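Q: I have a sequence and a model open side by side. How do I read the contacts between the parts?

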Amino acid sequence: MSRSRRVFRPAALAVFVIAGALMVTAAPGAQPAAAPVEGSADWVAARIDARDTGRDSRLAMTMRLADRQGRTRERTLVITTLAAAGARGDRVLVRFLGPADIRGTGFLVWEHAQKDDERFLYLPALGRVRRIAGAEAQESFVGSDLSYEDIGGRRLTDYTYRMVEATAAWTDTQGASHPAWRIESLAKDAGARYPKVQSLVRKDAFVIVEAQVFNRRGEREKQYTVSRLERPGGIWTVMDATMANEATRTRTTLVVTEARYNTGLAEDAFSRRELEQGAR
Amino acid sequence: MSPSARLARILYRWRLPITALVLAGALVCAGKANLNNINNDLSAWVATDSPEYVEYERFRREFGGGRTLIIAVAGEGIFTPDGLRYIDRISREIARLPLIERVQSLATANVVRQLPPQDGDDGGIEVTPLVGDRLDTATGAADVREDALDDPLLRGDLVSADGRVTALVISTDEERIDAVRGEVIEQIRGIVDTARPPGLATYFNGPLEISETYNRITLANQRDLTPPVLGITIIALYAMFRSVRKVVLLVFAIGVSVLWTLGLYVLLGYEMNVLTSMLTPLVVVLAVADDVHIVQHFDREMREHGDRQRAFESTIAHLVTPLFGASATTALGLLSLATSDVVAVHSFGIGAATGVMVDMMVSLVLVPTLLVWMRPDTHTPPQETWLLEPLRRLGRWSFTHATPVLAVTGLVLVAAVAGVLRLRVDTNHVNFFAPGHPLHESADVMDRELAGIYSFNVMLDGPPDAIARPDVMARMDRLAEALRRQPQVRKVTSVVDYVKRTNQRLEGGAEAAYVLPAAPGGIAQELFVFGLSDEGRTELERVVASDYSRAHLTVKLASMSSDVVFEQIFEAERLARDAFAGSDVTPTVTGAGRIFATLDHYLVTSQVTSFGTAFVTVFAVIFLVFRSAKFGLLAIVANVVPVAAVLGLMGWIGISLNVATIMVASVALGVVDDDTIHFIGRFRRETAHGATADVAVERAAMDEGRASLTTALVNSLSFGVLWFSEYKPTAWFGSLLAVTMAVAFLAEIFIVPAVIARFPRLYGSAARPAVAAA
């Protein structure tokens with residue numbers, strides 16, 4: 001059983017926050033075999049991947065987790081990212097601000113092009129940084145209904161694409177209709193947990209605004225919906241989105257409360273020392 | 001004209017339309033009688049509105065139910081590449097089946113592993129699959145074995161302490177699984193049996209397998225037991241009447257009664273279960289008794305007068321009261337089971353009582369009507385001659401040897417009471433199957449090598465975040481330790497174990513660090529870490545609510561006598577109350593073990609209430625039928641003895657009171673009085689016409705005793721067929737009723753004449769020898 005061991009993709013995370021989840025992203029250094037025909041599913045996927053997501057970002061958000069009983073708990077967190085440059089891979093720091101008992105808990109990812117990514121965790125109660133092992137791309141992101149792949153995006157080359165509907169439309173919460181494509185992504189890995197995704201992509205933004213995620217049995221297991229899409233600093237950002245898991249009857253809502261891009265973050269802001277000291 | 005004669009006249013006049021209605025009703029009922037609508041799930045035993053069931057549902061909705069399928073894989077080769085690949089393959093393939101929610105196995109288990117220090121850091125942890133990519137080499141498989149046996153959450157639960165047995169625990173969508181359960185289990189068997197490595201054996205058990213086995217037995221009972229019961233009945237009827245026409249007639253009438261019973265049972269909204277699978281054999285057996293009396297009376301009238309209308313009317317006029325009395329008392333005995341809180345016993349009582357009364361009404365019209373059409377037999381059947389003299393002598397002997405008969409009766413009663421005191425309640429479902437039965441074998445393996453197949457849960461309710469508080473965690477930890485000290489407990493797990501394990505790994509792996517963290521926020525943060533991964537999140541959802549307002553401890557037990565489980569449950573309740581006294585967290589003991597412990601309680605109370613109800617109502621009807629206190633008392637004496645004898649026998653030979661045998665006393669009380677009613681009724685008719693007591697006894701013994709002996713033989717043999725059921729309670733129920741019928745005949749032929757002789761002032765004197773001889 002071979003699974004791609006990809007932990008996290010900071011730039012792709014930025015893509016989520018900025019442009020929408022369930023994206024495709026290029027693997028570091030990966031190039032499509034040939035330029036896709038304009039308007040084709042491959043072309044749409046490539047355009048989603050190629051969007052500007054900023055050099056760095058700082059996003060404050062609320063993560064609302066609802067369990068099968070309908071009880072909700074809320075976490076507030078800040079995600080800062082720094083795009084890869086030169087030999088250095090992407091960097092991501094997730095800091096939890098609430099609830100009180102996990103305040104200060106931090107989570108740091110160093111992505112490497114040539115070796116396994118490194119992940120670190122800081123627990124205030126322990127007072128020390130600990131390394132933690134990587135997770136599969138389709139596993140839960142910090143205990144939510146979203147997977148790392150949902151957040152970080154998919155490798156462009158891990159999927160094949162098919163245009164389902166070239167003249168679809170997406171209606172936003174204000175009732176305005178926007179032209180969209182409906183494309184289907186099929187995983188090349190036969191062991192993928194979610195081998196098929198159908199996504200609705202807004203044409204003017206190259207942002208996925210709806211998606212249905214299917215499991216190996218061909219059943220729809222997760223459903224992603226965007227409620228609010230804005231363009232702070234000229235970069236499309238999903239401000240409010242929900243992933244509902246129909247199998248577990250749980251749902252996760254992410255609401256971005258503040259989005260800042262290209263703020264000049266340095267690499268030091270993503271060190272283990274910063275992970276530990278930044279919590280104090 | 002007496003009321004019964006008037007009724008006989010009316011029935012004769014309207015016999016054809018009434019018969020047409022009876023047959024049309026049978027056709028309608030045949031369409032409704034769905035024997036495949038089977039429910040042997042939890043709701044077949046415990047009422048869904050009972051507090052215990054409501055609690056269980058609350059628990060199930062929160063943490064998922066305990067109705068799992070457990071597959072044990074046993075053999076030396078588990079921790080080899082072949083063994084692990086096999087477990088990995090079947091885990092994945094089973095997980096893909098419809099309605100499968102989760103497969104817990106070595107292949108899906110996760111461990112909290114410590115990462116070594118690196119680049120000058122303090123090391124780290126990972127919540128990672130136990131097997132991962134280590135299944136291809138012998139070294140990797142050995143490492144997996146070491147990790148599995150090192151993990152206190154896995155050792156003794158998912159894998160035996162010696163690594164030779166492992167379990168797959170399969171959870172399903174409990175809302176929908178029952179509709180396709182058999183099909184899904186078959187698919188799982190197919191997956192498990194395919195390419196199983198040599199040397200590995202598999203065993204199936206768990207609540208889902210038990211329910212499915214019960215469904216299979218329900219069908220098997222209906223399919224396999226009804227034909228021999230019918231066969232014995234046919235043979236006995238032929239031996240009795242030596243007339244193919246009469247046998248066909250009676251089988252037809254019995255068939256009509258069975259269709260009515262099953263159809264009405266379904267129309268009343270009940271489902272079939274392992275107990276009601278005995279309905280058909282029961283109705284067949286009970287219908288024979290009524291029909292034999294009717295045919296015998298009709299034949300005698302035809303031989304004496306040769307007039308069909310007169311035979312019809314005389315049969316009904318003479319038998320309507322005793323038939324009604326006998327059927328009503330039988331029905332009341334069965335109906336008393338409806339007072340039971342055990343759903344299967346309740347529905348069996350309703351179904352069987354309905355069947356008995358329907359059969360009485362069907363027999364009263366249909367059988368004489370068909371007899372009127374039938375060409376009369378010219379021969380006298382052998383039972384009319386062979387049995388007369390021996391039974392007359394037996395009746396006389398009992399009458400003339402009243403003192404020794406009653407002395408022996410007294411001794412039997414004393415022995416019976418001593419046996420009753422030895423009775424014990426036991427609803428151990430595993431013991432309901434023979435030692436070689438697959439369910440029994442698999443339970444043995446799981447009980448011996450793993451944590452057992454029985455479990456209960458202590459659910460904790462508090463305000464949000466309460467469970468993650470250090471004081472509550474410490475109380476849970478103390479409660480878990482106290483429960484582990486209980487002699488029957490095999491394994492106790494809770495969210496506390498996850499926190500301790502995570503803490504140990506975060507603190508470097510030392511044994512001393514397998515404790516709850518002391519730092520403020522430590523528990524919440526370690527739970528947060530554990531829940532970061534899919535696996536951790538899924539596992540946490542099973543043991544603690546997402547807002548930390550609820551959690552539970554799972555307590556696993558080997559399969560054992562339910563009275564021991566019962567004691568254990570109450571001890572657990574006491575320990576839980578003590579552990580959380582003075583806190584804002586409320587403990588509740590629930591789960592499958594709790595339900596079955598409650599079932600035990602229900603069984604005891606239902607035994608008392610149903611037998612009490614049967615006793616009062618049956619004898620009330622007998623008093624009403626006889627309109628005489630002294631004959632009512634005579635019937636009590638004759639009927640209490642067989643019931644006491646059979647209960648005593650159960651005590652002496654070690655048959656427990658369980659879901660099926662609990663019904664024996666009430667059913668027996670209702671059934672055995674039938675012949676007594678006929679016997680006493682005949683005795684009274686004879687004395688009313690001037691016969692002395694001894695002559696009346698002889699005549700009753702000859703005529704009614706003959707019918708009683710033949711029905712006792714037929715019934716005992718027919719009930720005895722149930723002995724061949726693979727489900728022991730069914731076998732016990734049938735065999736005990738067979739014994740009861742035999743003892744009831746003996747009581748009728750020995751005790752009734754002896755009591756009559758012993759109390760001449762009450763029941764009349766014997767004739768003087770010269771008169772008697774004349």
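A: Start with buried area. It is the accessible area, with a 1.4 Å probe, that two parts lose on being put together, summed over both. The size of an interface is often given in this way. Keep in mind that this is a predicted model.

Q: How is chain B divided into domains?
A: Domain 1 of chain B takes in 3–41, 211–428 and 596–773. Domain 2 of chain B covers 69–205. The centres of these two domains, taken over C-alpha atoms, are separated by 55 Å.

Q: What area is buried between domain 1 and domain 2 of chain B?
A: About 310 Å². Carbon and sulfur atoms give 36% of that area. As for residues, four from domain 1 of chain B are in contact with four from domain 2 of chain B.

Q: Which residues form a salt bridge there, and how far apart are the closest N and O atoms?
A: A salt bridge needs a side-chain nitrogen of Lys or Arg within 4 Å of a carboxyl oxygen of Asp or Glu. Glu212(B) and Arg181(B) meet that rule, with their closest N and O atoms 2.8 Å apart. The side of domain 1 of chain B that touches domain 2 of chain B has two charged, two polar and no nonpolar residues. One residue pair between the two domains is in polar contact.

Q: Now the two chains. How many residues of chain A and chain B are in contact?
A: On chain A, 37 residues are in contact with 42 residues of chain B. Together the chains bury about 3,500 Å², and 46% of it is on carbon and sulfur atoms. Which residues of chain A lose the most area to chain B? They are Arg71(A), Arg131(A) and Arg217(A), together 21% of what the chain A side buries.

Q: How many salt bridges and polar contacts are there between chain A and chain B?
A: Four salt bridges. Among them is Arg537(B) with Asp145(A), where the closest N and O atoms are 3.2 Å apart. Polar contacts come to 11 residue pairs.

Q: Which strands of chain A supply at least two residues each to the side that touches chain B?
A: β3 (72–82), β6 (118–123) and β7 (128–132) of chain A do. With five residues, β7(A) gives the most. By class, the side of chain A that touches chain B has 17 charged, 13 nonpolar and seven polar residues.

Q: Which strand of chain B is joined to β7(A), and how do the two run?
A: Strand β4 (residues 124–129) of chain B. The two strands run parallel, joined by two bridges. Take Arg131(A) as a case: its bridge partner in β4(B) is Gly124(B).

Q: How many salt bridges are there over all chains?
A: The rule gives 61. One pairs Arg550(B) with Glu62(B), with 2.9 Å between the closest N and O atoms. Arg550(B) sits in strand β9 (residues 550–557) of chain B and Glu62(B) in helix α3 (residues 51–63) of chain B, so the pair ties together parts 488 residues apart in sequence.

Q: What should I look for in the backbone?
A: Most peptide bonds are trans, and most residues other than glycine have a negative phi. In chain A, a cis peptide bond joins Gly98(A) and Pro99(A), with omega about 5°. Pro99(A) is in the loop between β4 (91–98) and β5 (106–110) of chain A.

Q: Which residue has a positive phi although it is not a glycine?
A: Phe206(A), at about 55°. Phe206(A) is in the loop between β11 (196–202) and β12 (207–214) of chain A.

Conventions
Residues are numbered from 1 along each chain as its sequence is written. Chains are lettered from A and ligands numbered from 1 in the order in which they are written. This is a predicted model: local features need pLDDT of at least 70, side-chain atom pairs count only at pLDDT 80 or more; totals for chains, interfaces and linings use all residues. Side-chain values use heavy atoms; hydrogens and water are left out. Domain bounds come from an automatic or database domain assignment. Contact means heavy atoms within 4.5 Å. A polar contact is a pair of N or O atoms within 3.5 Å; within protein, one must be able to donate a hydrogen and the other to accept it, and residues adjacent in sequence count only if both atoms are side-chain atoms. Ala, Val, Leu, Ile, Met, Phe, Trp, Tyr, Cys and Pro count as nonpolar, Asp, Glu, Lys and Arg as charged, and the others, Gly among them, as polar. Helices (H or I, at least four residues) and strands (E, at least two) are DSSP runs, numbered from the N terminus. Two strands pair if DSSP finds at least two bridges between them.
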